[in-house]
Amino acid sequence: MTENNTDNPILIKVSDLRKSFGEVNVLNGIDTTFRKGDVVAIIGPSGCGKSTFLRSLNLLEVPTSGTVEFEGVNITDKSVDINKMREKIGMVFQQFNLFPNMTVKENIMLAPVKLGKLSKEEASAKADELLARVGLPDKADEYPNMLSGGQKQRIAIARSLAMQPDIMLFDEPTSALDPEMVGEVLSLMKQLAEDGMTMIIVTHEMGFAREVSNRVMFICDGVIAEENDPQTFFNEPKNPRLKDFLSKVL
């Protein structure tokens, strides 16, 4: 488990975040902060707003009201260049979203070269380094359809890391994987946490949440119903809904 980061600078500050789809209120006023070095696991029942909340942090979902500040900039302000801000916010989805017509290495190199972050040569070297880091150095010239689900997800993580983000958002990164492939992705994420990467992870993997995060958040009915360090969260839950939820999943 990562240590407490209360002295570290705040990377994301969320104030009274609300989101409605038509008549349906999905987020009902969320206030929280994420600091550099935090590894926060977000759990909760299906349809409770977890993914909507996560996707609001980089404005993939535009909040109905409230603010999200990233590194001191209110990214919910219409005048902010959100694409510029997103360059520092890595995102890994359930579905791997790799380009099927590009090799693994080309997938990793694409964004840093296209956005002028790295030259082709630098991006190539960075891709090789990242492929080694995610344990797939021999897959550089293969196409995504030749890979297993777990390998695709590790490549998707490498692709996010190629942009050298300040924070990584994971939206149920293992839920589309066969059970035997979940471990390889979680062990890579654990390694990232140990290396100090700031991560916010919507997950169903309770063991991972308990072991790797420094904070666990239970979102239910569009609000943070409870949050605590993993030890207290899992061993002494206070909220009745959380108690009920944990009794079903643990």
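Reply: Let us begin with a term that will return several times: a residue is called buried when its relative accessible area is under 20%, exposed when that area is over 50%, and partly exposed in between, using a 1.4 Å probe and protein chains only. The model is predicted, and therefore local features need a pLDDT of at least 70, side-chain atom pairs count only at pLDDT 80 or more, and totals for chains, interfaces and linings use all residues.

Helices (H or I, at least four residues) and strands (E, at least two) are DSSP runs, numbered from the N terminus. After the helix comes Gly135, with a positive phi near 80°.

Which residues of α4 are buried? They are Ala123, Lys126, Ala127, Leu130 and Leu131. Seen down the helix axis, these buried residues fall within an arc of 135°, so they line one face of α4; the arc is that of the directions from the helix axis to the C-beta atoms. The buried residues pack against α3 (104-114) and α5 (149-161), where contact means heavy atoms within 4.5 Å.

Side chains of opposite charge can pair when their charged atoms come close. A salt bridge is counted when a side-chain nitrogen of Lys or Arg is within 4 Å of a carboxyl oxygen of Asp or Glu, and by this rule there are 15 salt bridges. One of them joins the side chains of Lys126 and Glu129, at 3.3 Å from N to O; both residues lie in α4, 3 residues apart, which is about one turn of the helix. Lys126 is buried because its relative accessible area is 16%, whereas Glu129, at 47%, counts as partly exposed.

Another salt bridge joins Arg133 and Asp195, at 2.9 Å from N to O. This pair links distant parts of the chain, since Arg133 is in α4 and Asp195 is in the loop between α6 and β8, 62 residues apart. Arg133, with a relative accessible area of 32%, is partly exposed.

Helix α6 (residues 179-194) lies across β3 (39-43), β7 (167-171) and β8 (199-202), running at about 150° to β8; axes are lines fitted to C-alpha atoms, for helices over the stretch in contact, and angles run from 0 to 180 degrees between N-to-C directions. These strands belong to an open sheet of 6 strands in the order β6-β7-β8-β3-β9-β10, with mixed pairing, where two strands pair if DSSP finds at least two bridges between them. The edges are β6 (89-92) and β10 (223-228), each with a single partner strand, so one side of each is left without a neighbour in the sheet. Neighbouring strands of this sheet are turned by 20° against each other on average, direction ignored.

Note on methods: Residues are numbered from 1 along each chain as its sequence is written. Side-chain values use heavy atoms; hydrogens and water are left out.
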